[in-house]
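Visitor: I would like to learn how to read the features of a model like this one. Please take them one at a time, with the rule before the case.

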Amino acid sequence: AASTSGAPRPAANLKKAATNRMITIKEAKTRAELKDFVKFSFDLYKGNPYWVPPLINDELEEFNKEKNPVFNHAEAKFYLAYKDGKIAGKVAAIINWQEINDQNVKKVRFGWFDFIDDLEVSKALLDKVFEYGREHNLEYAEGPMGFSNLDKVGVLTEGFNEVGTMITWYNYPYYMEHLQKLGFTIEKEYRESIFSFNDVDPAPFQKASALIKKRYKLHTVEFKSTKEVMPYVDKMFALFNKTYEKLSSFVAISDIQIEYFKKKYIGLINPDYIKFIEDEDKNLIAFTIVMPSFTEALIKAKGKLFPFGFIHLLRAKNNSRDVVFYLIGIDPEYQNKGVTAIIFEDFYKVFQKNNIRHCIRTPELETNHAMNNLWKNFNPKIHKRRKTYRKDL
């Protein structure tokens, strides 16, 4: 049955069950248990055309404390809720010690939060998060969010009939209802927007780009291969940390995480979609990474890279007509000097060449006015909103 928002509800066998049945919580520790943790979402969203399935092995690697360097300064527990002998929900409880020690933000994060429409199930899972936080003398819980700022974030609160991306979570409308009923309050608000490339008038930024390049002696660095990109990635993340360090909840990306990012993600990006801007001394002053949209490819892959999933991803890397603006960083010294005109001109040329239709923005904090204003001349449509929620312990 459809919800009042128009978004599909879970499959019939996952609908709300009688609340007098026993709920048990189990921590997922083994690879098999963590695989059950990942695959529960595939059951919950089966038949939902708006949910984008992750690659199962990628999720398992992210939860692997031997492989994911985030565990050098974070820890997590993964909980499964069982009802009538079947998995009915899941949540990851996360403590980022870098955030706690460096910023004195005493919170336990929770993420990868999925559950059937049963308040007893969501409450039992969150009670485990609270218990984990109290064990470490933390003050509040916030989520859904991942380990760091490069992870997915937020409960979807608008846009249930819009297909997701590989870097956002999808959820049913009842999620926010459960959080509100369980005493959570809104902590942060995010927007996601989309604009048509066909509606873009290039004249203003083309003219400004030439002036800005000349005035500040700037030039664009372009790449023909992934190999050419690699020597710049360290500088890119140093600038990323510098750009966003003043934003709420920002946790700097460590050197070891940068190496992990290189290995896991850079190969997925079309080199055409990576642009760096340098000054005359070859100091990096801005960067932009745009990802081809892998949404359709991941839906076709159904969580598996083999035997055919990798083919869908390779095709999307080079042929997708939709793109996602993933990361943008501008040195604070240059943020009010029109550098974005250079970025827009560079990508306009690339998008024309590749017949791009739509440009999609990843979640942006409502309070990040500088970033929100960046797109105002492109007639963006806000098509989704999401929030993180908090509750004092």
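Guide: Start with pairing: two strands pair if DSSP finds at least two bridges between them. Strands themselves are DSSP runs of E with at least two residues, helices are runs of H or I with at least four residues, and both are numbered from the N terminus. This is a predicted model, in which local features need pLDDT of at least 70 and side-chain atom pairs count only at pLDDT 80 or more, while totals for chains, interfaces and linings use all residues. Residues are numbered from 1 along each chain as its sequence is written, and side-chain values use heavy atoms, with hydrogens and water left out.

Visitor: In which sense do strand 3 and strand 4 pair, and over how many bridges?

Guide: Strand 3 (residues 86-96) and strand 4 pair in the antiparallel sense, with 5 bridges. Gly89 stands opposite Phe115 in strand 4. With strand 5 (residues 140-143), strand 4 pairs in the parallel sense over 3 bridges, and there Val108 stands opposite Ala141.

Visitor: How is burial read, and how many residues of strand 4 are buried?

Guide: Buried means under 20% relative accessible area, exposed means over 50%, and partly exposed is in between (1.4 Å probe, protein chains only). In strand 4 (residues 107-115), 9 of the 9 residues are buried, so this strand is largely enclosed by the rest of the structure. Strand 10 (residues 284-292) also has 9 of its 9 residues buried, so strand 10 is largely enclosed by the rest of the structure.

Visitor: Which strand pairs with strand 10 over 7 bridges?

Guide: That is strand 11 (residues 322-330), in the antiparallel sense, with Phe287 opposite Gly329. Strand 9 (residues 274-278) pairs with strand 10 in the antiparallel sense over 5 bridges, and Glu278 stands opposite Leu284. The hairpin of strand 9 and strand 10 has 5 residues between the strands, and Lys282 takes a positive phi near 65° in it.

Visitor: What about charged pairs?

Guide: Side chains of opposite charge can pair when their charged atoms come close. A salt bridge is a side-chain nitrogen of Lys or Arg within 4 Å of a carboxyl oxygen of Asp or Glu. The count by this rule is 23 salt bridges.

Visitor: Which residue meets Glu278 in a salt bridge?

Guide: Lys235 does, at 3.8 Å from N to O. Glu278 lies in strand 9 and Lys235 in helix 8 (residues 233-244), so the pair ties together parts that are 43 residues apart in sequence. Glu278 is buried at 3% relative accessibility, whereas Lys235 is partly exposed at 37%.

Visitor: What is the salt-bridge distance between Lys353 and Asp272?

Guide: Their closest N and O atoms are 2.9 Å apart. Lys353 lies in helix 12 (residues 339-353) and Asp272 in the loop between helix 9 (255-265) and strand 9, so this pair ties together parts that are 81 residues apart in sequence. Lys353 counts as exposed, with 53% relative accessibility.

Visitor: Are Arg361 and Glu364 buried or exposed?

Guide: Both are buried, and their side chains meet in a salt bridge at 2.5 Å, N to O. Salt bridges can also share partners: Glu99, Lys107, Arg109, Glu142 and Lys188 are joined in this way into one network.
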